[in-house]
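Welcome, and please open your viewer. We will go from stop to stop, with something to select at each one.

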Amino acid sequence: MDFRLSPEEKLILETVQSFVQSDLMPLEQELQQAELEGHGQDFPDQETLRRLQLKARELGLWGLQTPEEYGGLALGQQMTALITMEIHRCLVPFQFGGAADNILFAGTQEQQREYLLPTIAGERRSCFALTEPTAGSDATNIRMQAVAEGDDFILTGEKIFITGGNEADFAIVFAVTDRGKGARGGITAFLVDREMGFTSRYIPTMGSWGPARLTFNQVRAPRRNVLGEVGKGFELAMRWIVNGRVIIPARAVGRAQRLLEMGVDYARQRVAFGHAIGDYQAIQWMLADSEVEIEASRWLVTHAAWLQDEGIDNHHEASIAKLQGAQMVNRVADRVLQIHGGMGYTKELPIERVCRDVRVFRIYEGTDEIQKRTIAKDLLRGTAGLGRWE
Ligand SMILES: Cc1cc2nc3c(=O)[nH]c(=O)nc-3n(C[C@H](O)[C@H](O)[C@H](O)COP(=O)(O)OP(=O)(O)OC[C@H]3O[C@@H](n4cnc5c(N)ncnc54)[C@H](O)[C@@H]3O)c2cc1C
């Protein structure tokens, strides 16, 4: 077992770290100011984001997981997770350009021309629309209907909590094409342009950003817009979701690490009862517990990512990493807020915002309870777990 990175991997990570330090970190003050003025959710604006992405591209950071033939770096999940941790140490929302939803690569050549390539180029934006008002965790139970009519499908129904749904030019939408066949066989994925007629409405949340509600009222999509095969949509949805179950805890590690750094700094400089508060065991334990949990999370994520890179089914390990990472970052955020006392509760510092933003980590792409359900089911079936080793 070798935990060392190759020289090339090390170089990529160092390049990311220096980009974060020189280009993203300086924007944190502006973000904090925008927060105080009540428009933090619009920061950075599209133009600034694009400028940053192009700057990163000059450094070779473009399309992390995008195959080389599409101009990407074709990195594996492990490197992507490590890079995600670095990026999320900075509180300014950022993602590298040149990326597209993993399942868009399943498209036909025509679909790739129309949807995948413009997405990679940053000219079009997509969203992933599975959840419905009556089916979230139980996604097998979606109701949106897609009825075949000649060369088209007519889509009717509602999607809710769709990230980027208000901004997207097109949606990857999952709908029932054959109710009798259940989820595996009866759900199909469609590429639906906004011009085809769906509408969207922003949903405000407790966090600094919000998803959208999408309404499809007899929206006509041509049969050539079926992504993958008719009836095979649910498998595509799961492929998308399992990927997120590794990347979300990687984000959690980055955020938590940054918060812990703030906690350590504050514990060193804040004086109470004649001593730096870091001299008190109560504070030290909060720092130590956070460090231990962050490290545990880092290795769970890295292992789940490594399995994926090796082509080994990692759904069990991804659920463990997602569950632990999502809970860990919420505990670390709460402790670091506590270490900062009253200051932690104000909007002078970003901690309260991070506390609000990371709460959703325990909800989307499978709630804590759903991860536990997956883990326990695997144990009971005897199909995974109990110290499995490859
Ligand atoms: C900000 C945000 C962004 C999102 N982005 C997207 C997106 O881009 N695309 C998309 O398709 N969806 C998205 N979602 C939806 C998200 O995946 C769902 O909210 C999530 O899966 C939970 O579904 P639900 O909200 O319907 O809760 P429900 O499924 O109704 O669950 C309610 C509660 O019951 C629990 N529960 C449910 N079933 C069980 C069970 N069997 N055992 C024990 N407990 C159970 C849940 O854990 C939860 O605590 C997003 C959600 C949010 C909040």
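**Before you start.** This is a predicted model, in which local features need pLDDT of at least 70 and side-chain atom pairs count only at pLDDT 80 or more, while totals for chains, interfaces and linings use all residues. Residues are numbered from 1 along each chain as its sequence is written, and side-chain values use heavy atoms, with hydrogens and water left out.

**Stop 1: the domains.** Colour residues 7-100 as domain 1, 126-227 as domain 2 and 235-381 as domain 3. These bounds come from an automatic or database domain assignment. Taken over C-alpha atoms, the centres of domain 1 and domain 2 are separated by 29 Å.

Stop 2: Helices here are DSSP runs of H or I with at least four residues, strands are runs of E with at least two, and both are numbered from the N terminus. Two packed helices are described by the angle between their axes and the distance between the axes. Axes are lines fitted to C-alpha atoms, for helices over the stretch in contact, and angles run from 0 to 180 degrees between N-to-C directions. Select helix α1 (residues 7-24) and helix α3 (residues 46-58): they pack at an angle of about 145°, with axes 11 Å apart. Now show the side chains of F19, D23 and L24 in α1 and of L52, K55 and A56 in α3, which make the contact (heavy atoms within 4.5 Å).

**Stop 3: α9 and α12.** Move on to helix α9 (residues 315-339) and helix α12 (residues 368-381), which pack at an angle of about 145° with their axes 9 Å apart.

**Stop 4: N243.** Select N243 in helix α7 (residues 233-269). Is N243 buried or exposed? N243 is buried because its relative accessible area is 16%; buried means under 20%, exposed over 50% and partly exposed in between, using a 1.4 Å probe and protein chains only. Apart from neighbours within four places in sequence, N243 is in contact with Q65, Q77, N102 and Q308. With Q308 there is a side-chain to side-chain polar contact at 3.2 Å. A polar contact is a pair of N or O atoms within 3.5 Å; within protein, one must be able to donate a hydrogen and the other to accept it, and residues adjacent in sequence count only if both atoms are side-chain atoms.

**Stop 5: H88.** Next, find H88 in the loop between α4 (77-87) and α5 (109-120). H88 counts as buried, at 15% relative accessibility. Which residues does H88 touch, not counting those up to four places away in sequence? Show R251, G254 and R255 to see them.

**Stop 6: backbone details.** Most residues other than glycine have a negative phi, and most peptide bonds are trans. Go to F43 and P44, which are joined by a cis peptide bond with omega about -5°. P44 sits in the loop between α2 (28-36) and α3.

Then select A74 in the loop between α3 and α4. A74 is not a glycine, yet its phi is positive, about 55°, and the residue is partly exposed at 39% relative accessibility.

Finish at F273, in the loop between β9 (271-272) and β10 (275-276). Phi of F273 is also positive, near 55°, and F273 is exposed, with a relative accessible area of 82%.
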